[in-house]
Each structure stands twice: as structure tokens, then as C-alpha cells.
Amino acid sequence: MRTFQKTMISASLAIAALASPLAMTNARAAGTLTVALHQDPGNWDPIATFLVAWGAVGGQVFDGLIMRTPDMKLVPGLATKWEFLDKNSKIRFTLRPNVKFHNGEPFDAEAVKFTFDRLLGDEGKKGPQQSNYAAIDKVVVVNPLTVDMYLKSPDPVLLTKLAGYGAMIVPPKYIKEKGSEYFGMNPVGTGPFKFTEYKPKVSLSFARNPDYWGGAPKVDSLVYRFIAEPATQAAELQAGRVDVANQVPLAMLETLKKDPKLAVVSMDGPVALALRYNTSRGIMKDREVRKALIMAVDRDAIIKTILLGQAKPIASFQGELSFGYDPALKPLPFNPAQAKAMLAKAGVKPGTQVQLDFRGPDSNFREVSQAVAAYLQGVGIQVSLKPYETNVLLNDIIPNGKTGEMWQNQWGGWTFDYDNTAYSMYYTKQRWNPFDDDAKLNALLHTQRNSWDQAERQKTLREIGRYVADQALEMPLYSLNTVYGVNKRARNLALPADGRFRFVEATVE
Amino acid sequence: MTGFLIKRFLQAVFVVLVVTLFVSYAVRLSGDPAIMLAQGAGSVTEQDLQNIRTGLGLDRPFPVQYAEFVKGMLVGDFGRSFLGGTPVSRLIGDALPATLSLAGASLLLSLLISIPLGIQAAVHQGGPIDQAIRIGSLVGLSFPNFWLAIMLVLLLSIAFPVFPPSGWDGPISLVLPTLTMAIIFSATNIRLVRTAMLETLSAQYIMVARAKGLKNSVVLYQHALRNCAIPLITYIGLQFGKMIGGLVVVEKVFNWPGMGTLAFDAISARDYPVLQGSVTVLALLVVLANLLVDVAYGIVDPRIRNS
């Protein structure tokens, strides 16, 4: 017995001895910025994915012809200027001179042509990027520092799209020599950071590019760690092992705020949520009923209590940053008494059953749905809540029109343009529009999409917003804030609402 | 023994085939990876989705896709991840050692905890030590693994920052996930050892051993323990499947770069090849563990070996 106990004790001591010096390795190298990211897109080729997680990395390695600042302004990137020619059928870009890719290859008109040939050709077909650039016919080299982009049709959001994702400029020689597959694992661009190491599912590392045309980054290196669990991201932040966490649980925000080393940064974000109505069915056919239901729910209270204030009420399916947002359009007021009267007038019997379909794994929205159900019960509507696994809801239930009377719809997008949302939601037979078929709405959507005139578009988009609100095609809920957890030792992070980081000015103490 | 092993091997192949067939079919019922890949895209048309499906080979009939998977599997090629195109065999190659080291360390630690405690409980049957150990194991048994994991992180990474809360920073990162798994498994193992020990201690040969005046430790650890080993080994073998399930959760909480995390993320992304590959490997592990249990019987108890 004694021998056994001795062995146990020595084993424990050995483990402890082994552990203690290792504990010291927690302290990280100075000048390294560490970011927790919720997902590993698995490939760093700009045409390969459209995941938000890709966007959070892409801007460090690559540049577009046009760039967007954290406050969403379009500014010159690899193109110093651009002008619309031949009645808006062509855009002429003047390129930035003396720019080199990380491998030493020069950036020039050929690289731009190669990038778009690749994106619009067979290679681009494999990914989801191509359709976003469908308005582009071809790119023609005028001289080494000038290209013409010929357009098939107007796309009012094109300049914004050139500032991101698929339109990032890639090195022709490198890709031709090494192949796309290698490029996807070992990206090379003109951006502020040079790729150094990629461990799939674990981490991605960069070193500063001292020759960056926009001025070298201040930190020596940048590390992304892939951490899917929000709670784990928060723990890593608390332990001082990551500087920026892109997903922290709402419930943890107060704890993080209380920590003197940490800060919570919150701003308007791109994601809006609504409960769409199945207008083909039962009481939901009646516009007055749909309006009454909106008025029966106290969205301010939901935002305050369940979302802890990290959201804003909306009147149309978009947040304040979206182009086409109408500050004059106010959400219907919370007025259960009037809602009750409207329902009675429409002949809706107390105790009428409706079904609400939502994304089951989303624990916050589960609480929101429960609150909505309780409010609706207050005006005599019985709500049965039906959680679905997210992908089942998105793949099977909604596009095939198999929803209940109400269903959760959540929409993000990085272009911050209502066109994107509205077209997918309301144009007849679009994937996210299983029920509505409205000629007037189609015409409006079509008009704004085929115009370059932003003032005109703004007007039309606002008209769409008002029309949809008037028809009460959905119960608009709120637009979510983008929330980051940050270690205060990191400065000048310039955190963006759309999650597309660029840490050129950032420093770490 | 050889005939036994061949029979067991053929059984194993059959089990793995059934598992892969089921997983491959079920995952295809659960949703379209094209929409996951297009997630966040501004305006995805049905044609784009079709292009993606064709690119991934999903437009072919299921039997063709499955046959191709099995063909690849035979040469250790599980295809490529839909999410980015990394070869699945590389992802598994990275993840498997992480999972095996965690499973191995947890098993070892749980035995180091449960054997002496189980024996002490049996020896002091009914006394305060026995009561304390039994209550302790009941408490351990009642912890959900993810809760325990989070509590350990709060205590040992944040309140007292001794261990990293997640990821892989060398052997020190093993401590918290191992502790979580070991606590959960020790709770059941202690009760098992205690029961088996109580039975053994009342056997005649133990009385004989004591009567011969042998030291208490020799009686307990050399005579009695060996006879407790059979139920313990059986249970650990059966437990292995459950352990893999627990690993998925614990790996997820600790962001452990192992098979559990790999499979879990593959499910949420509908990354069929990664899911098929990782489930196949996990199934192989469970089958292998059961095979090892049978072999271990023979080693521990010569009567089984000879029959």
C-alpha cells in the first residue's frame, strides 16, 4: 500500500513540476496582436469563400482596387482614382505605382486583368463569389497603370463590392506557378501583413509587411486563433491570451466590462432580424392582423432585457448603417389594447393558434421568441414555438414554403445596402421569399437595381421600406450591434462594424 | 487466438462500413453545404448554388458518391474538406494525436484516482471514509461535463491563472481537459472498483492470504486487485464509446484541436467529407478498443486465454 501511495504522490509531484515552468509560457511575445475568430474558412483564396471569417482576415493580406474604411467610406486602394466613361458602361481605373506583392512580383494592370479573368471565369465558378460581380463584362489593359472595366449592366453596389472579398487583387505569376490550391493555403497579396504560417483549425499567423504602400503596420506580427465557442473566446480574453474576441456571449459583457484590463466595444452592425409572415395562410392573409401583431409586441423591452441593450429597434428590415435606411420611418408603437381591437375587428377569435419557426441553436433568439409568444398571448393569440436546426430551417423549410405562420429571418451582408436584403426578401420567387408576389414591389426593386444614380436609388429604396412596412410583410424586430471584447493593452484597433479587420495602425503594449 | 482475431477483424470491417454508410446518408439528409458555403454572399442565385454543388461532386447519385468514398478510404484517402479543400486525411492526421493523448491521459488519471479510492472505500466499508468517497463519487457523477469544464476554467485559468483556458500550448494545455474527463470517469470507476473489491474481499482465498500473515498491501494490490480487473476492463472498453462522446463536448469547450472539434465543426458546416472521415476514424477507435478489451481479458485471466 505504502509503495502505491508513494508512487501516486511522486506522480502528482512530477505532473505539478512539469506544469509550473510551462505555465510561464503563457506570457506572449510583445508586439504580437492576437485575435480570436469563430471559424476557419479553410482557404485564403479570395474567390473560394464568402464567410464573414474570411473577411476578418482577407484585408490583412490583400487589397482591392477600392478600399473601405472602418466607418464604411470608399477610398482609393490599389487604384488611385476611377471614372465612369461611355455613359456608365465602362470604369477606368488608374493604378497605384510601385506596389509589390509579398513575393516581390510587381502589381500592375496585368494583375488586375488576371484577377478578374479568374473571378469571372471557370475558376470563379467553383466558389460563391462570381454572381456578385456578374455586372462586369471584362477588364482590358490600357497601359501598365491603367485598366478599363467594361460593364454588362449597371450594378449600383459594384464599387462597394470592389472593396471586398472576391475582388481582392491576386498575384498572377505566383498562382500560375504554384496553382490555386497552394495559393489557398499560402496566400500572397499586396496587403499590410505577410502570411507566415497556417495550421488548419488552429491558427493563422502573419508578419508585418515593412514595404506596405500604405505605411508599415505597427505590430510585428498578427495571430488569429480559431475559437468557435463564444464562452471560450471570453475565457481566453479574461486570461489575457487574446487581444480581440469577435464573438463573446452577451451574458458575459458585464463581467468583461468590470475587468480593468478589458473593454467591450459595441457599434451598429449589419445584422437585422425580423419575424416574417406566411402571408398565404390563415389569419396572416389579413394586413390588419399582421399590423396588430406587430403592435402587440414590446420590442424595446425585449432589446433591453434579453439583448441587454445590444440592439436597436427597426421599422424596415435594415439597420441605420444600411444605404436606403429611412430615419423618418418609425416602428409601429407598442399598443396591446389597440392591437386587441384590431384583431377583434378583423374577426380573429381569441385563442387562435399560430406557429413560429426559429433557429433552435440560437439561445438568445429562443428567449426572444418566448417573449414574443408571451406578448401575443396577451392579445389572445396562442403561439406554438417550433425550433429547427438552423440548416434545416434555411435549406428545407423556408425556401420550400413549409413554414408556420411566422418564421425567423436574419440577414447580414457586408455591403450595407438595402438592395441586397430587399431583393432577396421580396422579389418574387427569390430564395427567401416563398410567399409574396407583388408586382409593385418587383418593379421598385428592379428600378433601383438598374440605376447608378445613388440619390434616385436612395429614394426608391426608402419607398420600398415604407411600402413593405405598410403591407406589414413581416414583424421587424431589431438590428444587432457588432460587439467585440478587447484587451486594453491593444490600441488603435479601428474595429469595423462588418468584422473586416485591418490592423495597420494597431499597437500592443 | 488467430482465428478469433480474424473473426473479430471481419466484424470490425463490417461495423465500420455500416457506420460510414449510415453517416454518409444521414448527413446528406441534413442540409445543403452549398448554402453554407455561400453564407453571407450578397446575391446568390440558384445557378451559383448549382455550380458549387457540381464543383463538390454533389450532383452525382448517392451510391456513386458513397462508392467513391469507400474506394478512397481503402487507400487512406478521405477526400477533401468542402470548406477550403484541405485533404481530410491531413486534418485527421493533425487531430487524432490530440484526441488520443487526451483520451489516454484521462483514462490513466481516472485509474490513478479510482483504483486507490475504490479500494479504500471497500476496505472501510460502511465507515466514514467509505461514506466520504461514495458521496464524493456521486457528486462527480452528477456534474455535466461541459459545466465542470467551464468551472475548472473559471477557477484555474481566470481566478488563479495557472493553466491556459483553451487551445494547445504544449503539455500544460492537457491538464484542464484531462482533469475534466478524469473526474467524470473516476466517479463511475470508483463505484465499480468498490463493488468488485467487496466481492473479492469476501472470497476464501483472501482469507487464506490473510491467514498466512501476508501484508495488507500485498493482499489488496496483488491478490484482490487482479480479480477486480476483469469488470473494470470490460467497463472501460464499453465506456470508450461514451468517452468519445464526452470528448466531443470537452474538446469543444477547451477548443482542443482534436477529432471531436473536427467532427463537431464539420456537422455545423455540412462538411460531408470531414464528417465521414472523422466518424469513420472514431468508429475504428471504438471497435479497436473493444478488440483490445478481449485481448486484455486473456492477459489478466489465464482461464479465459486457455478456453
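Which residues of chain B does the UniProt annotation "domain: ABC transmembrane type-1" cover? According to that unreviewed entry, the annotation covers residues 96-297 of chain B, with positions given in the numbering used here and with the caveat that annotations may be inferred rather than shown by experiment. The model is predicted, with local features needing pLDDT of at least 70 and side-chain atom pairs counting only at pLDDT 80 or more, whereas totals for chains, interfaces and linings use all residues. Residues are numbered from 1 along each chain as its sequence is written, chains are lettered from A in the order in which they are written, and side-chain values use heavy atoms, without hydrogens and water.

The span of residues 96-297 of chain B is 83% helix and 0% strand, and its end C-alpha atoms lie 27 Å apart; helices (H or I, at least four residues) and strands (E, at least two) are DSSP runs, numbered from the N terminus.

In chain A, the axes of helix H10 (residues 287-296) and helix H17 (residues 454-471) come within 8 Å and cross at roughly 95 degrees, where axes are lines fitted to C-alpha atoms over the stretch in contact and angles run from 0 to 180 degrees between N-to-C directions. H10(A) and H17(A) are therefore roughly perpendicular to each other, a term that applies from 65 to 115 degrees. In this contact (heavy atoms within 4.5 Å), A:Arg287, A:Arg290 and A:Lys291 of H10(A) meet A:Ala469, A:Asp470 and A:Gln471 of H17(A). The residues of the contact divide into one nonpolar, one polar and four charged, with Asp, Glu, Lys and Arg counted as charged, Ala, Val, Leu, Ile, Met, Phe, Trp, Tyr, Cys and Pro as nonpolar, and the others, Gly among them, as polar.

Definitions and conventions:
Angles under 35 degrees count as roughly parallel, over 145 as roughly antiparallel, 65 to 115 as roughly perpendicular and the rest as oblique.
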